[in-house]
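Subject: Structure handover and findings

Hello,

Here is the structure I promised to pass on. Please open it beside this email and follow along.

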Amino acid sequence: MNKAKNTSSSSKKTGTKTTKAAKKTNLASKATTKQAGKNPGTKAAPTSSRKQEFTTRSGLDRDSLREDIKLHLRHTLAKDEFSRTPWDEYRSVVLTLMDRLHDKWLTTQAHYHKTGVKRVYYLSMEYLIGRLLDNIVVNFDVQQEVADACADLGLDYDAIRNSEWDAGLGNGGLGRLAACFLDSMATLGIPAIGYGLRYDYGIFYQKVIDGFQVEKPDLWLRYGNPWDIVRPKIQYPVHFYGHQGMHSADNGHIQYSWDQTSKVLAVAYDTPIPGYNNNVVNQLRLWKAESDTALDLQSFNQGQYIDAVRDNQLEQNITRVLYPNDKIFVGQELRLKQEYFLVAASMQDIIRRFKNQTDDWEKFPEKVAIQCNDTHPNLAIPELMRILLDEVDMPWEKAWDITVKTMAYTNHTLLPEALEKWPVSLMRQLLPRHLNIIYEINRRFMDKIKGTYGEDHGKMSRLSIVSEGENPVVHMAHLGIVGSTKVNGVAALHSRLLVENMFHEFNELYPDKFTNKTNGITPRRWLKQCNLELSALITEKIGDDWITDLDQLKKLEPFAEDAKFQKRFNKIKLNNKKVLAEIIHENQGIKVDPNSMFDIQIKRIHEYKRQLMAALHVITLYNRLKDNPSLETVPRTVIFGGKAAPGYTMAKLHIKLINAIGTKINHDPETSDRLKCVFLDNYRVTLAESMIPAADVSEQISTAGMEASGTGNMKFALNGALTIGTLDGANVEIKEEVGDENIFIFGLTVEQVDELRRQGYNPYLYYQSNPELKRALDQIRDGFFSPEDPGLFQPIIQALLEQGDYFMVLADYEAYVKKQEELEQVYKNQKEWTKKAIYNVARVGKFSSDRTIKDYNDEIWKSEEVTLES
């Protein structure tokens with residue numbers, strides 16, 4: 001009994017019930033049955049009379065894993081069955097897997113070094129990794145072996161899994177994409193390293209109290225991170241402040257330097273990233289800021305403790321916290337420090353590795369490809385130029401040629417206001433040498449424009465890297481375009497809109513520079529790991545090649561109308577819904593019916609993603625049921641999840657509204673058995689792994705032209721949910737792949753949105769002409785959902801009716817409601833619905849991140865794919 005209580009307590013910390021994992025994986029439950037009642041440290045009975053052979057530290061069989069887990073518990077952690085905790089059990093499993101990873105990791109890196117292959121360096125400020133244990137076990141393909149080994153020792157594998165905290169080093173899609181890319185690079189055997197920052201605090205822990213979002217620190221490192229290895233001998237100085245120096249060199253040329261700087265140390269922490277079952281282990285290297293100066297003992301001895309530690313703490317603050325995804329970072333010195341800290345440390349590490357191979361700088365682009373994930377790492381361009389000019393003493397033209405051939409930039413937004421800009425005043429203070437290099441880059445770029453277009457000052461102003469005026473800024477996107485060999489968007493529509501609208505003048509100047517790389521997701525985590533039953537069914541029918549070649553899923557198409565396959569497919573979906581229903585009940589105290597339609601929208605809370613429109617639809621459904629209790633409708637559970645940036649007041653008010661709607665509806669006895677509205681707090685990767693397999697409907701309803709790509713849409717479709725969405729982001733390509741009849745598209749197109757704005761969009765006309773919409777908005781305005789504070793949601797109404805409804809919620813509302821009615825009619829015909837769901841699974845092979853990474857490598861990086869034998 002004590003052990004059971006211990007396990008439950010551990011799992012509850014992460015907000016995920018232990019039984020959820022057991023039901024989802026069916027691994028531990030199978031294993032524990034065989035070894036029920038055994039004490040930890042008790043060796044399992046041999047399966048035959050033959051003496052057992054164990055391969056410690058490297059074997060991936062059940063017996064070898066068991067022996068090493070036992071050894072680590074006792075000899076590494078000094079724990080026995082009386083003193084161990086769930087965290088100790090978790091660490092012993094991690095240490096056992098790390099032994100295997102280290103062996104393959106060293107072999108992989110030695111091969112890269114020996115063969116001199118071109119390396120790919122992926123720079124990203126965010127990596128939304130989630131939990132690693134399941135991911136590592138899946139990529140080693142030893143899910144059952146690890147569960148069995150744990151059971152042999154009397155350990156509950158599901159409790160062990162739930163002891164791990166999500167590594168939330170990202171705000172959303174950008175960071176999750178980076179994590180998927182690392183997985184695919186390793187699986188394809190691309191010699192790659194991911195660089196990022198080891199934040200002490202990741203994205204905030206979200207609590208919903210009285211319907212309001214409350215942010216709490218994310219203490220993901222409270223017990224340390226057993227997956228990473230600190231490299232105290234790999235540390236680099238990173239400089240800030242100071243001034244640019246000039247002096248004459250022996251050859252008479254002017255030599256520049258960066259003088260009287262302040263210095264911070266970057267210390268490396270490495271996390272192994274294994275490919276799927278291919279012996280390749282790449283790495284994610286995260287930098288932590290440490291002080292370069294020792295404690296001021298004189299001040300300390302005089303009792304001035306604060307003065308003694310102040311400088312040390314200020315320097316370490318650089319990697320203290322992940323910035324939330326607020327609308328702008330302008331003026332925030334710490335954020336700019338973080339971006340340069342990442343770039344400077346990574347560039348020194350890249351050059352060290354390059355110089356271990358050769359001193360021939362001409363070969364730098366042949367050995368190094370640097371991919372900047374969004375504008376945040378684009379300071380790598382002036383940083384590489386600074387090193388080549390000031391430290392290597394290379395002529396400008398040669399240094400610029402090497403830099404452009406080496407760098408590539410991924411754009412992730414269509415919103416001009418979201419493009420990063422830094423005040424010249426801040427950059428002059430913090431990075432004076434880099435600012436002067438940027439000025440020179442811009443001067444030469446302006447000369448190019450004049451040479452092409454003449455004295456077109458309007459064009460020069462629009463394209464300039466440095467703006468003019470009283471408060472000039474550096475446009476980081478412009479710097480990325482000018483200083484990179486390739487610039488890519490992340491979906492076909494996004495890339496088209498970039499070259500037609502936001503960057504069309506750059507595209508005229510550099511017609512071969514822009515390209516598309518549609519985002520993707522790793523099928524290892526987003527199907528094999530998170531939906532074990534469905535992945536097993538797929539493997540049973542078509543084999544397991546789909547795990548690394550997702551196009552193989554097309555072989556499922558003949559089963560789409562097969563009655564037996566449909567029955568099994570639906571049973572798996574119901575099982576997943578039962579798991580999610582249990583999570584909802586445990587975390588929210590709300591009982592939902594697994595047989596109802598699960599209609600799910602999970603993503604960052606933002607006005608352009610239009611959670612508000614889905615909330616208005618819930619109100620409309622509620623009103624219809626209240627007006628006509630005998631109305632024949634499909635029981636529906638509408639589930640939301642996502643975090644709003646702490647400073648985004650309107651998004652946080654949307655969260656409160658959704659919870660207020662849920663409170664009203666879920667407690668109404670006349671409707672609660674037919675309609676529920678739930679907001680699950682602290683949305684994260686681990687929670688997504690339970691929500692996505694359970695979804696019937698995937699809500700992808702952003703304003704057309706505002707979502708660059710999205711990857712949640714891909715994950716839902718891969719797990720058999722049908723999409724209701726606008727023609728935005730990757731929805732366009734999903735529609736092309738799955739077929740018009742297997743997706744529910746509604747609303748204004750990009751062109752129609754632009755045209756409506758030009759004509760003069762008047763949301764009040766839509767409000768007056770649609771009685772259901774008017775009623776819903778009036779209820780919100782009049783306090784129907786907030787009787788204790790009737791004016792609480794007035795800002796929402798003002799944004800929609802008085803401030804122009806910029807995201808066109810009211811313009812798309814009627815089309816959305818009608819498409820939901822069409823969707824519901826199809827859902828009533830479960831045979832037809834299931835056929836469409838199976839077609840979604842079968843036809844989304846294009847959206848594997850393996851395909852995305854192969855596209856990057858074929859066109860931009862041009863590295864070789866390495867194969868390693870075991």
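First, a term you will need: a cavity is a set of grid points where a 1.4 Å probe fits but cannot get out. Keep in mind that this is a predicted model.

**Cavities**

Rolling a probe the size of a water molecule over the atoms shows where empty space is left. Here the count comes to ten cavities of 30 Å³ or more.

How big is the largest cavity? Its volume is about 170 Å³. The lining of the largest cavity has 19 residues. Trp165, Ala167, Trp220, Asn225 and Trp227 lie nearest the centre. By class, the lining holds 13 nonpolar, four polar and two charged residues.

The second largest cavity has a volume of about 140 Å³. It is lined by 15 residues. Look for Ile129, Leu132, Asn135, Ala179 and Ile273, which lie nearest its centre. At least two lining residues each come from α6 (133-140), α9 (173-188) and β10 (262-274). Which element gives the most? That is α9, with four residues. The lining of the second largest cavity divides into eight nonpolar, four polar and three charged residues.

**A pocket**

Next, the second largest pocket. About 420 Å³ of space lies in it. The pocket is lined by 18 residues. Nearest its centre lie Ile254, Tyr256, Leu389, Trp396 and Arg433. β9 (254-259), α14 (380-391) and α17 each supply at least two residues of this lining. The largest share comes from α17, with five residues. By class, the pocket lining has eight nonpolar, five polar and five charged residues.

**Two helices**

Now find α17 again, this time with α15. Two packed helices are described by the angle between their axes and the distance between the axes. For α15 (residues 396-406) and α17 (residues 432-453), the axes come within 13 Å and cross at roughly 90 degrees. Angles of 65 to 115 degrees count as roughly perpendicular, so α15 and α17 are roughly perpendicular to each other.

Which residues make the contact? On the α15 side they are Trp396, Glu397 and Trp400. On the α17 side they are Ile437, Glu440, Ile441 and Arg444. The contact has four nonpolar, no polar and three charged residues. Note Trp396: this residue takes part in the helix contact, and Trp396 is also among the residues nearest the centre of the second largest pocket.

Zoom in on β12 (residues 368-373) and β13 (residues 407-410). These two strands run parallel, joined by four bridges. The bridge partner of Asn373 in β13 is Thr410.

Best wishes

Definitions and conventions
Residues numbered from 1 in each chain as written. Predicted model: local features only at pLDDT ≥ 70, side-chain atom pairs only at ≥ 80, totals over all residues. Heavy atoms only, no water. Axes fitted to C-alpha atoms, helices over the stretch in contact; angles between N-to-C directions. Parallel < 35°, antiparallel > 145°, perpendicular 65-115°, else oblique. Contact = heavy atoms within 4.5 Å. Nonpolar A, V, L, I, M, F, W, Y, C, P; charged D, E, K, R; others polar. 1 Å grid on protein atoms, 1.4 Å probe; cavity = no way out; pocket = protein on both sides within 12 Å on 5 of 7 lines; lining within 4 Å. Points joined across faces, edges and corners; volume = space filled by probe spheres on them. Pairing = 2+ DSSP bridges.
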